[in-house]
Amino acid sequence: MAAVDSFYLLYREIARSCNCYMEALALVGAWYTARKSITVVCDFYSLIRLHFVPRLVSRADLIKQYGRWAVVSGATDGIGRAYAEELASRGLNIILISRNQEKLQMVAKDIADTYKVETDIIVADFSNGREIYDPIREALKDKDIGILAYLDHFSRALQYEYASKGIFVQSLIPFYVATNMTAPGSFLHKCSWLVPSPKVYAHHAVSTLGISKRTTGYWSHSIQFLFAQYMPEWLWVWGANILNRSLRKEALSCKA
């Protein structure tokens, strides 16, 4: 009988201790859930504020807000060219930066003729390192530059350096866009709401100027970015690799 009583007392002590631990774990779980819920709500608020609210109000006067000239890198094809054309459609003069002079001259003339704005070109290959920056600085020094669109980390550094001077530097981190590099029969060209054309992408991205200095540029890309954030890294990297291999195979088969 004494053994039974001892076991019962031991059981009660263990249960009492476990209850304390369970209550502590419940508090930690509640705090974690509340924190994640608030983060998700804030993320979706940012999504609506960035991609939907600007479309409900009149378009901003970019010239009045930032200045007469905009600089776009990688501007001879795809997203860069579409971004330059979208800015030109808003009345901004465009400085195009790329490494192919012939393409730059052709695109610059096309934009100038179509949108009746001034254009200028800078031939530069960013893979050459710091040596390209002096010619770029020299070409831009007399221009009223208000908007820059460069590579991600470079853009973020420039934004912090030049924001006080009234220059807005926007970094675009898009997901998939149906550019000329994708095969015509690819599903990327069929899912326009998920994978926009460069023109549609640029139209949405430009509407975020002044709201976000670093953006995916398109509403469905922001949703994809949110899912990627809450997904294990190995999982989305694995999925992206499968998709990239499939797209590369399709592109190669079209060229064959």
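Predicted model: local features only at pLDDT ≥ 70, side-chain atom pairs only at ≥ 80, totals over all residues.
The protein is built from nine helices and six strands. Of its 256 residues, 34% count as buried. Among contacts with a separation of 6 or more, 65% are accounted for by residues 24 or more positions apart.

The crossing of the two helices is right-handed. On the H3 side the contact involves Arg81, Ala84, Glu85, Ala88 and Ser89, and these residues meet Val107, Asp110, Ile111 and Tyr115 of H4.

From H3, the contact draws on Gly78, Ile79, Ala82, Tyr83, Glu86 and Leu87; from H7, it draws on Pro198, Lys199, Tyr201, Ala202, His203, Ala205 and Val206. Nine of the residues in the contact of H3 with H7 are nonpolar, two are polar and two are charged.

H7 itself deserves attention. Its buried residues are Pro198, Tyr201, Ala202, His204, Ala205 and Val206. Of these, Pro198, Tyr201, Ala202, Ala205 and Val206 also take part in the contact with H3. The cover over the buried residues of H7 includes H3, together with helix H2 (62-66), strand S5 and helix H8.

One of the buried residues of H7, Tyr201, leads on to Thr216, which it touches. Thr216 is placed in the loop between strand S6 (214-215) and H8. With a relative accessible area of 5%, Thr216 is buried, because the limit for burial is 20%. Leaving aside residues up to four places away in sequence, Thr216 touches His51, Ile173, Pro174, Phe175, Tyr201, His221, Ser222 and Phe225.

Two residues in that list, Phe175 and Phe225, bring the account to the aromatic side chains. The structure holds two aromatic pairs. Phe175 and Phe225 form one of them, with 6.5 Å from centre to centre and 85° between the planes, an edge-to-face arrangement. Phe175 belongs to the loop between strand S5 (168-172) and helix H7 (198-206), whereas Phe225 belongs to helix H8 (residues 219-229), so the pair ties together parts that are 50 residues apart in sequence. Phe175 counts as partly exposed at 28% relative accessibility, and Phe225 is partly exposed with a relative accessible area of 31%.

The rings of Tyr218 and Trp219 also pair: their centres are 5.9 Å apart and their planes stand at 45°, so this pair is tilted. Here the accessibility of the partners falls into separate classes. Tyr218 is buried, with a relative accessible area of 4%, whereas Trp219 is partly exposed, with a relative accessible area of 24%.

Note on methods: Residues numbered from 1 in each chain as written. Heavy atoms only, no water. Left-handed = near helix turned anticlockwise from the far one by under 90°. Helix = DSSP H or I, 4+ residues; strand = E, 2+ residues; numbered from the N terminus. Contact = heavy atoms within 4.5 Å. Phe/Tyr/Trp six-rings, centres within 6.5 Å; stacked < 30°, edge-to-face > 60°. Buried < 20%, exposed > 50% of the residue type's maximum accessible area, 1.4 Å probe, protein only. Nonpolar A, V, L, I, M, F, W, Y, C, P; charged D, E, K, R; others polar.
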